[in-house]
Amino acid sequence: MYPTMRFLNMSKNLLTGEIPKTVGKLTTLDILDLSVNKLNGSIPVEIGGATSLKDLILSQYSLSGNIPSSITTCSSLTSL
């Protein structure tokens, strides 16, 4: 995919649906900003594959369900 991507800002893009499960393949990603969209659903279990993730920004997002336990593999995560 994008082997060295560090920051992905998809905020304010009118995105709909759920967070794609493929987000877990972004293993070098430090910051993922999906704020201010029309996303819904839960954080996918696959998020645990994004092991370099430091900041996951989901403000103004209609979450449902629990935060998956796999997120604990993102040991650098400081902000959710």
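1. D30 is buried, with a relative accessibility of 12%; buried here means under 20% relative accessible area, exposed means over 50%, and partly exposed lies in between (1.4 Å probe, protein chains only). Please keep in mind that this is a predicted model, where local features need pLDDT of at least 70, side-chain atom pairs count only at pLDDT 80 or more, and totals for chains, interfaces and linings use all residues. Residues are numbered from 1 along each chain as its sequence is written, and side-chain values use heavy atoms, with hydrogens and water left out.

2. Which residue forms a salt bridge with D30? The partner is R6, and the closest N and O atoms are 2.8 Å apart. A salt bridge is taken as a side-chain nitrogen of Lys or Arg within 4 Å of a carboxyl oxygen of Asp or Glu, and the count by this rule is one. This pair links distant parts of the chain, 24 residues apart: R6 sits in the segment before strand 1, D30 in the loop between strand 2 (16–17) and strand 3. R6 itself is partly exposed, at 47% relative accessibility.

3. Now to the sheet. Three strands form an open sheet in the order 1-3-5, with parallel pairing. Strands are DSSP runs (E, at least two residues) numbered from the N terminus, and two of them pair if DSSP finds at least two bridges between them. Strand 1 (7–9) and strand 5 (55–57) each have a single partner strand, so one side of each is left without a neighbour in the sheet.

4. Strand 3 (residues 31–33) and strand 5 run parallel and are joined by three bridges. Within strand 5, I57 stands opposite D33.

Note on methods
Helix = DSSP H or I, 4+ residues; strand = E, 2+ residues; numbered from the N terminus.
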